[in-house]
Amino acid sequence: MSRPMIRLHNIATNEVIDREMNDEEFAQWQADQEAAAARQAEEAAKEAARQAILDRLGLTADEAKLLLG
């Protein structure tokens, strides 16, 4: 697998350099991707829990907003 590319742009000289990520950059990128996936999974779990509560109460999301808003 090739690594993601990094683009460096020197605005003073208008020089553009495209290169693959080095080991440190790639490790950070992977950690960021994993953290984002974990946050997304956590949000999905929270939303499912909210929906389960609304289903037990027999309310729609709009009705709950009206009650709580």
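In which helix does Glu42 lie? Glu42 lies in helix 1, and the legends below, which describe a predicted model, return to that helix several times.

**Figure 1. Overall arrangement of the predicted model, in which two helices and two strands are found.** Followed along the sequence, these elements come in the pattern β-β-α-α. The radius of gyration of the protein is 22 Å, well over the 11 Å that the globule rule gives for 69 residues, so the protein is more spread out than a compact globule. Taken along the principal axes, the box that the C-alpha atoms fill is roughly 60 × 30 × 15 Å. Of the 69 residues, 6% count as buried, and among contacts with a separation of 6 or more, those between residues 24 or more positions apart account for 6%.

Figure 2. Helix 1 comprises 35 residues and reaches 51 Å from its first C-alpha to its last, which is close to the 51 Å expected at 1.5 Å a residue. Just after the helix, Gly58 takes a positive phi of about 75°.

**Figure 3. The aromatic pair formed by Phe26 and Trp29.** The model contains one aromatic pair. In this pair Phe26 and Trp29 are stacked, their rings lying 5.8 Å centre to centre with 15° between the planes; the arrangement counts as stacked because the planes are under 30 degrees apart. Phe26 and Trp29 are three residues apart in helix 1 (residues 23-57), and are therefore separated by about one helical turn. An α-helix has 3.6 residues a turn, so residues three or four places apart point the same way. The two partners are described separately in terms of accessibility: Phe26 counts as buried at 11% relative accessibility, whereas Trp29, with a relative accessible area of 31%, is partly exposed.

**Figure 4. The salt bridge between Asp18 and Arg7.** Five salt bridges are counted in the model, and one of them joins Asp18 to Arg7, with the closest N and O atoms 2.7 Å apart. This pair links distant parts of the chain, since Asp18 belongs to strand 2 (residues 15-20) and Arg7 to strand 1 (residues 5-10), 11 residues apart. Asp18 counts as partly exposed at 42% relative accessibility, while Arg7, at 59%, counts as exposed. Side chains of opposite charge can pair when their charged atoms come close.

**Figure 5. The salt bridge between Lys46 and Glu42 in helix 1.** The closest N and O atoms of Lys46 and Glu42 are 3.6 Å apart, and the pair counts as a salt bridge because the cut-off is 4 Å. Lys46 and Glu42 are four residues apart in helix 1 and are therefore separated by about one helical turn. At 37% relative accessibility Lys46 counts as partly exposed, and Glu42, with a relative accessible area of 45%, is likewise partly exposed.

**Figure 6. The salt bridge between Arg50 and Glu47.** Here the side chains of Arg50 and Glu47 meet at 3.3 Å, N to O. Both residues lie in helix 1, three residues apart, which corresponds to about one turn of the helix. Arg50 counts as partly exposed at 44% relative accessibility, and Glu47 counts as partly exposed at 42%.

**Figure 7. Asn14 in the loop between strand 1 and strand 2.** Although Asn14 is not a glycine, this residue has a positive phi of about 60°. Asn14 is placed in the loop between strand 1 and strand 2, and at 55% relative accessibility counts as exposed.

Technical notes
Residues are numbered from 1 along each chain as its sequence is written. This is a predicted model: local features need pLDDT of at least 70, side-chain atom pairs count only at pLDDT 80 or more; totals for chains, interfaces and linings use all residues. Side-chain values use heavy atoms; hydrogens and water are left out. Rings of Phe, Tyr and Trp (its six-membered ring) pair if their centres lie within 6.5 Å; planes under 30 degrees apart count as stacked, over 60 as edge-to-face and the rest as tilted. Buried means under 20% relative accessible area, exposed over 50%, partly exposed in between (1.4 Å probe, protein chains only). The expected span of a helix is 1.5 Å times one less than its number of residues. The radius of gyration is taken over C-alpha atoms; the globule rule is 2.2 Å times the number of residues to the power 0.38. Contact means heavy atoms within 4.5 Å.
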